[in-house]
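Subject: Structure handover

Hello,

Here is the structure for you to look over. My notes on it follow below.

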Amino acid sequence: MKNSRIVLLDVGGTFVKSSLGIAGKGALEGTFMSTPISSDGSAEEITEAFREAVSGQMLQAEKSGYVIDAVCAAIPGPFNYKEGIFLMKHKFAAVYGVSFREILGDVISADTALAFAHDVNGALLGAVTADPSLREGVVAMCTLGTGLGFAYAVDGQVQESELGSPARNIWNQPYGDSILEDYASRRAILRFYKERGGVLAEGEDVKEISLRARAGEEAAAEAFREAGRHLAAGAAETVRDLNIRFMMFGGQISRSFDLMEEEVRKGLPESVEVCVSPDIQGMVLIGASSLV
């Protein structure tokens, strides 16, 4: 249908970012909304936030004469992406085992299609959809933020587990005295900075460490470099095993990727090309739009 549109959702722990979109093309400019959500909230609070996000987009669509035929969501796991069922216990625990369709209820019609992607898979799907050069060989997406995400595609096909999660993880890979995510994530950089005598005021975070690094503070700069060294050391085996030719980095911390880039490049095999995804949000929404 010429006037059909889809609702796109990028689900985080504190906000649901949404927009109207066109299948396979991504978001429609001027339709972005951000709805607060508490992943630690009650089932009623979580349900209300999702319904508000979707109904807000449907109202926009109605005013523009569009018909909504699908809702496509990029959402972190654990989640049953095939059936649309929440399986998280650390986030959204109050709706564990509940289906997304049940949560939306009568906000959508019975024939509205629902489709889901793991957020990192969604970002990679958006990248390969937008750039034909990424549809040959093995390419990967690594996201750096609160956690450490990883997904890869072979000849343009994002590889998934049986339930739709990334086919291979690196966040929980044994590394050092724990797992790789403890050495390459927000908490890792905060720890490295503290170990070097760095002190943050209440409310300050990795962003402030990056600003100090750019201002010439060695403790801050070394915190990023150390995270880069560990990330490369931990990911190198996966890069070789999968024969990855191109690796993109995205996520909040990747905005400061230049502070660790040299260490990452030195630690990864020379055969892999490295870059930063300039618009991870846009890639996620393009990926979500490609699910239908």
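First, a definition: buried means under 20% relative accessible area, exposed over 50%, and partly exposed in between (1.4 Å probe, protein chains only). This is a predicted model, where local features need pLDDT of at least 70, side-chain atom pairs count only at pLDDT 80 or more, and totals for chains, interfaces and linings use all residues. Residues are numbered from 1 along each chain as its sequence is written, and side-chain values use heavy atoms, with hydrogens and water left out.

Salt bridges

The structure holds 16 salt bridges. Each is a side-chain nitrogen of Lys or Arg within 4 Å of a carboxyl oxygen of Asp or Glu. One of them joins the side chains of D205 and R186 (2.9 Å, N to O). D205 lies in the loop between α4 and α5 and R186 in helix α4, so the pair ties together parts that are 19 residues apart in sequence. D205 is partly exposed at 22% relative accessibility. R186 is partly exposed at 32%.

E204 pairs with R212, with the closest N and O atoms 2.8 Å apart. E204 is partly exposed, at 27% relative accessible area. R212 is partly exposed too, at 22%.

R225 and E222 meet at 2.9 Å, N to O. Both lie in helix α6, 3 residues apart, about one turn of the helix. An α-helix has 3.6 residues a turn, so residues three or four places apart point the same way. R225 is partly exposed at 23%, whereas E222 is buried at 16%. There is also a network of salt bridges that links R196, E218, E222, R225, E226, R229, E263 and K266.

Cores

A nonpolar core here is a set of buried Ala, Val, Leu, Ile, Met, Phe, Trp, Tyr and Cys residues joined through side-chain atoms within 4.5 Å. The largest has 41 residues. Those with the most contacts inside it are I189, I244, M247, F249, M260 and L268. At least two residues each come from β9 (138-144), β10 (148-154), α4 (186-195), α5 (206-214), α6 (218-242) and β14 (244-250). Helix α6 gives the most, with 11 residues. Apart from this core lies another, of 30 residues, among them L9, F100, V107 and F116.

Contact means heavy atoms within 4.5 Å. Leaving out residues up to four places away in sequence, M260 touches L144, I189, F224, A227, G228 and I253.

Helix and strands

Helices (H or I, at least four residues) and strands (E, at least two) are DSSP runs, numbered from the N terminus. Helix α1 covers residues 43-63. Its buried residues include I46, F50 and V54. They pack against β1 (4-11), β2 (15-22), β4 (33-36), β5 (67-75), β7 (85-86) and α2 (100-104). Just after α1, G65 takes a positive phi of about 80°.

Strands pair if DSSP finds at least two bridges between them. β9 and β10 run antiparallel, joined by 7 bridges. They form a hairpin with 3 residues between them. A140 has Y152 in β10 as its bridge partner. β10 is largely enclosed by the rest of the structure, because 6 of its 7 residues are buried.

Cysteines

With a disulfide taken as a pair of cysteine sulfur atoms within 2.5 Å, the count comes to 0. For C275, the nearest cysteine sulfur is that of C142, 12 Å away. C275 is partly exposed at 24%.

Best wishes

How values were computed: Expected span 1.5 Å × (residues − 1).
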